[in-house]
Amino acid sequence: MIDGKKVLFSGMQATGNLTLGNYLGALKNWVALSDEYECFYSVVDMHSITVRQDPATLRKRARSLLTLYIAAGLDPKKNCIYYQSHVSAHAELAWVLNCYTYMGELNRMTQFKDKAAKHADNINAGLFTYPVLMAADILLYQADVVPVGIDQMQHLELTRNLAERFNNLYGEVFTIPEAYIGKVGAKIMSLQDPSKKMSKSDENPNGSIYLMDDPDTIMRKCRRAVTDSEGCIRYTDRQPGLKNLIDIYSACTGKTPEETVREFDGKGYGDLKPAVGEAVISVLKPLQEEYARLSKDKAYLDSIIKENGEKAGYYAGKTLRKVHRKIGFPDRIR
C-alpha cells in the first residue's frame, strides 16, 4: 500500500493504434480508479520489441500512447504514467525472476504458442520469457490488484506463483496480486468478424475503429459493420454483429442494451448503424481535441515523462533493493 491506498498496476503496448475497444474496455474505466487506488500505468515499450519494430515508429507510438492516457482523463498528478523502458528495474527484476521460473511453466503459456505461430520467423527468447517481464512489472510496485482480461489471466497466475515461491524462500518480499474485479468495461468485438475482439492488429482496417479516426471514417466503418439478414433489432447471441453494435451504442451513450433495443423498436439496421456512428463520434471528439492540444505542448509532456519516470523508479527501486538483499547480491555503495 502507498499512503493508505492499495496499489493498482496496468499498461498497454506501444504498438499499433488504440481502438474504441481499448478505450471502452479499459482506458475509460482506468480514469475512475485513481481516487480508490494508487495507480501505475505503464507504456510497456519493452514488451513491444518481442516483435521487430521500426525504431522511429516505436518512439512515436510510445509518446502517442502516453499522451492518449492523459487525453483520456488520467491525471498524471494522481496516476503514475511512465515509460517501462525508463525504469531499468523492470529488466533487472525480470532477470532475477527468470531464475525462479520453470521451463514447464513458460511452455504452458498459450499466448506464446499463439504469437510463435504468427511470427514463426522470429521465435525469440524474449517472446518466450515475456510473462516473466510482465510479472516483474506487477511485483515491482507491490501491486495489490491488476485489471486483466481473460487472455491475461494465465500470466497473472504465473505472477502469483512466482511471488509465492520467492516469499516462501526469502520471507514476505512481494505482495500477492489479485485480479481487479470492478466495473467491467464493454467488450467490443470486430465490426467485420464479431467472433473476435476489436484489435489494433486486425488485418482488416474496417474491423476496428481507431481513436484517431475522423468522423467520416467512423461513420463509414459503422455503416459497413457485419450484421445479418433477420432485420429485427434484438440483443441476442444469435445475432453477434447486431449485439456488438448495440454494445457499442450502449457504452457510448450510457444506456443499457435493453434501453437501446427499446429505442430502436420497429426500426432497422439502417437506422441503428448511423446512430452508432454518431454516438462514437461524440465520445471520441473531446478525446481527439485534448490529444491534439497536449501533443503541441512538448514541455508539459516532457515534464510528466521526467517526473512520473522518477516516481516509478523510486518505488521500483525500493522493491529491487529488497530483492537484491534477499538473494545475496552485495550492497551498492552510495
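Of the 60 residues in the largest nonpolar core, which touch the most other members?

## The cores

Leu27, Tyr69 and Val280 do, in a core of 60 residues. A nonpolar core here is a set of buried Ala, Val, Leu, Ile, Met, Phe, Trp, Tyr and Cys residues joined through side-chain atoms within 4.5 Å. Buried means under 20% relative accessible area, exposed means over 50%, and partly exposed is in between, using a 1.4 Å probe and protein chains only. Helix H12 (residues 269-296) gives the most to this core, with 11 residues. Helices (H or I, at least four residues) and strands (E, at least two) are DSSP runs, numbered from the N terminus. Apart from this core lies another of 41 residues, among them Ala94, Leu106, Met109 and Phe128. In soluble globular proteins, nonpolar side chains tend to be buried together.

Let us look at Tyr69 again. Leaving out residues up to four places away in sequence, Tyr69 touches Gly11, Met12, Leu27, Trp30, Tyr41, Ser42, Val43, Leu74 and Ile81. Contact means heavy atoms within 4.5 Å.

## How to read the model

This is a predicted model, in which local features need pLDDT of at least 70 and side-chain atom pairs count only at pLDDT 80 or more, while totals for chains, interfaces and linings use all residues. Residues are numbered from 1 along each chain as its sequence is written, and side-chain values use heavy atoms, with hydrogens and water left out.

## Helix H13

Helix H13 covers residues 298-327, and at 1.5 Å a residue its 30 residues should span 44 Å. The expected span is 1.5 Å times one less than the number of residues. The end C-alpha atoms of H13 are 42 Å apart, which agrees.

Which residues of H13 are buried? They are Leu301, Ile304, Ile305, Asn308, Gly309, Ala312, Ala316, Gly317, Thr319, Leu320, Val323 and His324. After H13 comes Gly328, with a positive phi near 100°.

Glu38 sits in strand E2 (residues 37-43). Glu38 counts as buried because its relative accessible area is 9%. Not counting residues up to four places away in sequence, Glu38 touches Ile2, Lys5, Lys6, Val7, Leu8, Lys78 and Lys311.

Val146 belongs to strand E4, and its relative accessibility of 4% makes it buried. Beyond its neighbours within four places in sequence, Val146 is in contact with Phe9, Ile138, Leu156, Pro177, Glu178, Ala179 and Tyr180.

Asp3 is not a glycine, yet it has a positive phi of about 50°. Asp3 lies in the segment before strand E1 (6-12), and with a relative accessible area of 76% it is exposed.

Gln142, also not a glycine, has a positive phi of about 50°. Gln142 is in the loop between H7 and strand E4 (145-146). Is Gln142 buried or exposed? Its relative accessible area is 16%, so Gln142 is buried.

## The cavity

The structure holds one cavity of 30 Å³ or more. On a 1 Å grid over the protein atoms alone, a cavity is a set of points where a 1.4 Å probe fits but cannot get out, and lining residues have an atom within 4 Å of a point. About 40 Å³ of space lies in the largest cavity.

Gln111, Phe112, Lys115, Leu127, Tyr130, Pro131 and His155 line the largest cavity. Helix H6 (110-118) and helix H7 (125-140) each supply at least two residues of this lining.

Notes: 1 Å grid on protein atoms, 1.4 Å probe; cavity = no way out; pocket = protein on both sides within 12 Å on 5 of 7 lines; lining within 4 Å. Points joined across faces, edges and corners; volume = space filled by probe spheres on them.
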